[in-house]
Amino acid sequence: MILEIIVAEPLQNNVYLLVEEKSSEAAVIDPAMGSDAVLAKLSELNIQLQYIINTHGHFDHTADNAPLQKATGAKISIHREDAYRLEQDSREALSYMPIIPPKSKADILLQEGDELKLGEVAIKVLHTPGHTEGSSCFHLESDNTIFTGDTLFAGTCGRTDFIGGDPSKMVESLSRLSTLPRDMKVYPGHGLPTTIGEERWIGNKSMIKALVGVV
Ligand SMILES: [Zn+2]
Ligand SMILES: [Zn+2]
């Protein structure tokens, strides 16, 4: 699998373009405001985009769903519990985004255990609520890699005090991630990549509870 990383303003969202070489099929995880860069890369590689995958429904991650879908015909995929966010009034995003993100609509409603395929390669859905109801991680077993959205960052986790957030669920979700192989590569929604082993703290429930404020 080829992995291209684009960092999109204004919130330094990581936009991940996955290209499966054998089938020439591709997916974007969280287009954010990076669709121009994604489209340039797709045309450089002469590749079709199959899926637009959202780790969750926050506008900084989903802002360019609509233009990217319009340009490529790719199917928008998001956990079923966050799908409503794509169709929500997005004016509130103006407090942190330079534009009002256009609405989009999920074509594929994901749930725990689902798989999206690029050629023969599976991208597996782990439902990891806590940052939002439908926050999910996407596990690429073939590459020992996981994309964690705003659930797990290098050294910390996503906020749990927004609408749909739940600190207790974040504790459970991070504990679950701690059982993955230590050498698994972790690509978060913001910031630098890490590994499950480097994030040893997620194996310690009291440390997570202290971080997210669960007594
Ligand atoms: Zn978020
Ligand atoms: Zn985010």
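Start by selecting Ala32: this residue is buried, with 32 other C-beta atoms within 10 Å. Here a residue is buried if 20 or more other C-beta atoms lie within 10 Å of its own, exposed if 12 or fewer, and partly exposed in between, with C-beta atoms placed from the backbone. Ala32 sits in the loop between β3 and α1. Its phi is near 50°, a positive value in a residue other than glycine. Most residues other than glycine have a negative phi, and most peptide bonds are trans.

A word on what is on your screen: this is a predicted model, in which local features need pLDDT of at least 70 and side-chain atom pairs count only at pLDDT 80 or more, while totals for chains, interfaces and linings use all residues. Residues are numbered from 1 along each chain as its sequence is written, and chains are lettered from A and ligands numbered from 1 in the order in which they are written. Helices (H or I, at least four residues) and strands (E, at least two) are DSSP runs, numbered from the N terminus.

**Stop 1: the six-stranded sheet**

Now color β1 through β6. They form an open sheet in the order β1-β2-β3-β4-β5-β6, with mixed pairing; two strands pair if DSSP finds at least two bridges between them. Look to the edges for β1 (2-8) and β6 (108-110): each has a single partner strand, so one side of each is left without a neighbour in the sheet. On average, neighbouring strands of this sheet are turned by 20° against each other, direction ignored.

Zoom in on β1 and β2, which pair in the antiparallel sense over seven bridges. Select Ile2 and you can find its bridge partner in β2, Val19. The hairpin of these two strands has four residues between them, and Gln12 takes a positive phi near 50° there. Also select Pro10, in the loop between β1 and β2: the peptide bond from Glu9 to Pro10 is cis, with omega near 0°.

Next, move to β4 (residues 48-53) and β5 (residues 75-79), which run parallel and are joined by three bridges. Ile53 has Ser77 as its bridge partner in β5.

**Stop 2: helices across the sheet**

Show helix α1 (residues 35-45), which lies across β1, β2 (13-20), β3 (25-29) and β4 and runs at about 20° to β2. Then show helix α3 (residues 65-72), lying across β3, β4 and β5 at about 155° to β4. Axes are lines fitted to C-alpha atoms, for helices over the stretch in contact, and angles run from 0 to 180 degrees between N-to-C directions.

**Stop 3: the core and a buried loop residue**

Which residues have the most contacts inside the largest nonpolar core? Select Ala27, Val28 and Phe138, in a core of 50 residues. A nonpolar core is a set of buried Ala, Val, Leu, Ile, Met, Phe, Trp, Tyr and Cys residues joined through C-beta atoms within 7 Å. Leaving aside neighbours within four places in sequence, Val28 is in contact with Val15, Tyr16, Leu17, Val38, Leu49, Ile52, Ile53 and Leu68; contact requires C-beta atoms, placed from the backbone, within 7 Å.

Now go to Ala106, in the loop between β5 and β6. Ala106 is buried, with 22 other C-beta atoms within 10 Å. Not counting residues up to four places away in sequence, Ala106 touches Ile76, Ser77, Ile78, Ala83 and Leu86.

**Stop 4**

Select β9 (residues 136-140): five of its five residues are buried, so the strand is largely enclosed by the rest of the structure. Ser136, Phe138 and Leu140 point one way, and Cys137 and His139 the other way.

On the β8 side (residues 121-127), four bridges make an antiparallel pairing with β9, and Val125 stands opposite Phe138. With β10 (residues 145-149), β9 pairs in the antiparallel sense over three bridges; there the bridge partner of Phe138 is Phe147. Finish this stop at Asn144, in the loop between β9 and β10. Asn144 has a positive phi of about 50° although it is not a glycine, and it counts as partly exposed, with 14 C-beta neighbours inside 10 Å.

**Stop 5: a helix pair**

Last, show α4 (residues 167-177) and α5 (residues 205-212), whose axes come within 10 Å and cross at roughly 145°. Pro167, Met170, Val171, Leu174 and Ser175 in α4 meet Lys205, Ile208, Lys209 and Val212 in α5.

Note on methods:
Two residues are in contact if their C-beta atoms, placed from the backbone, lie within 7 Å.
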